[in-house]
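Please look through the sequence and the model shown here, and then read on.

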Amino acid sequence: MTLAPWLLAALILGGCGQEPPDRAQGVLLRISCGSVGLEYTLCNDGAQRWAQATGNRVEVVSTPNSTTERLALYQQLLGAGADDIDVLQVDVIWPGILAPHLLDLAPAAAGAEEAHFKAIIENNTVDGRLVAMPWYTDAGVLYYRKDLLEKYAENVPGTWAELTETAARIQAAERAAGNGKLWGFVWQGRAYEGLTCNALEWVASHGGGTLVDNRGRVTIGNPRAAAALELAASWVGTISPPGVLNYAEEEARGVFQSGNAVFMRNWPYAWSLAQSEDSPIRNNVGVTTLPAGPGGKSAATLGGWQLAVSKYSRHPRLAAWLVTFLTSPEEQTRRAIAGAYNPTIAALYTRPDVLEANPFFDSLYETFTHAVPRPSRRAGQRYNELSSEFWSAVSSVLAGRQSAPEALEQLAPRLDHLLQAAREAAGETNDKAPDSRSGT
Ligand code: GLC
């Protein structure tokens, strides 16, 4: 039986509670999507379902995998007022940076936003405008090889010290047995936003704070933060390959998934790929919280992506309709099952099909809902500069160019300066005044 297009549209789109804003047919929209893991395919599948159901066309524009490079591209396009992209995939740290170029999606969402995690909706609301709809959330997690831990009768590490020791022991034993390619621990050490995420986890879990406290004061210049960075530096060339200093997410996954690492720090998306039919480590992978520091605290950086409509789109209402469809419970369920992309809608975490595909969504629910935000709300337009100062300082410690105390001592006043500029831009004159906003 062939369904009439309008009926197909109603069936597919009915679930997101949206009425078609108009009857436009045959319009071409462009959406930018990343291609980390299955991102591109899943984005394209969803976009084509919408296109087919509504009689429009959607072209997926692929953007750089590195969030830092993607931001630069967006800033270039949006800064020029270009209408090349209608719907943008936006990192959780960008609403404050990109808000002037994005439309308010509240009218199109028509209340659908209320089902999403409140903290993300708040994050995406800038000056009272909902500039992006949550698409998926992220938090740093630890992947481990169940088979190797079992072989050496080792436990899943609960602390960084245990991870360091276990990784070194298994790496040495495997190499002695002829497995020359095996490394203990892979992560994201390249000088980019991903390093900010990794380093924030090391520092926060060591009790060294989250860069900026909830009163807006820079806290990074402290001995615990320095100890965390020194520990990470000690991994480079011992349990982590020297090349880790150039790894982003996909490089780390490549090593882990080909069977050449005991542990990996990554985001949840790596799960569905590690478990795919042709993965050499299928069924030998575990996912748990990142290790705790000496004070017993574990920390995961909050990540995640949103969809936004460019102010320069020539079809803003249709673009907003596409966004409400792609961020709907149906689409988030499909993406969670097929690609381990964490929904931003709490109710989906109790669905048996979602949990069957991703058992750790249940055991790590707290990790996902209590992840540590980067200070992007606080820094507003200046966030990327702030983060870049941080990852550069961390990078110089990892590469052995500077000691951790020295790097952090130089970093703190730079961050102070950037936050001061952000406060001035936001019209706050009272320097370091207590502030009721969250630490995000
Ligand atoms: C992931 C996170 C994103 C973060 C990026 C860093 O994509 O979802 O929030 O900025 O990694 O590499």
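## A buried residue in a helix

A residue counts as buried when its relative accessible area is under 20%. The model is predicted, and in it E39 has a relative accessible area of 4%, so E39 is buried by that cut-off.

E39 has its place in helix α2, which is made up of residues 39–54. Between E39 and R265 there are 226 residues of separation in sequence, while the distance from C-alpha to C-alpha is 19 Å in space.

## The shell around the ligand

Around the ligand there are 13 residues, and those that come nearest are D91, D138, E249, G304 and R374.

Strand β11 gives the largest share of the shell, with three residues.

For E249, a polar side-chain atom lies 2.6 Å from a ligand oxygen atom, and for R374, an N or O atom in the side chain is 2.8 Å from an oxygen atom of the ligand. In the case of W305, the distance between a side-chain N or O atom and an oxygen atom of the ligand is 2.9 Å.

On its own the ligand has 310 Å² of accessible area, of which the protein covers 93%. The space that the ligand takes is the largest cavity, and the elements that give two or more residues to the shell around the ligand are α9 (193–205) and β11 (302–309).

Technical notes. Residues numbered from 1 in each chain as written. Predicted model: local features only at pLDDT ≥ 70, side-chain atom pairs only at ≥ 80, totals over all residues. Heavy atoms only, no water. Near = heavy atom within 4 Å. Polar contact = N/O pair within 3.5 Å; in protein donor to acceptor, adjacent residues only side chain to side chain. Areas by Shrake-Rupley, 256 points an atom, 1.4 Å probe, with all protein chains shown as cover. 1 Å grid on protein atoms, 1.4 Å probe; cavity = no way out; pocket = protein on both sides within 12 Å on 5 of 7 lines; lining within 4 Å. Sits in = over half its atoms within 2 Å of the grid points. Helix = DSSP H or I, 4+ residues; strand = E, 2+ residues; numbered from the N terminus. Buried < 20%, exposed > 50% of the residue type's maximum accessible area, 1.4 Å probe, protein only.
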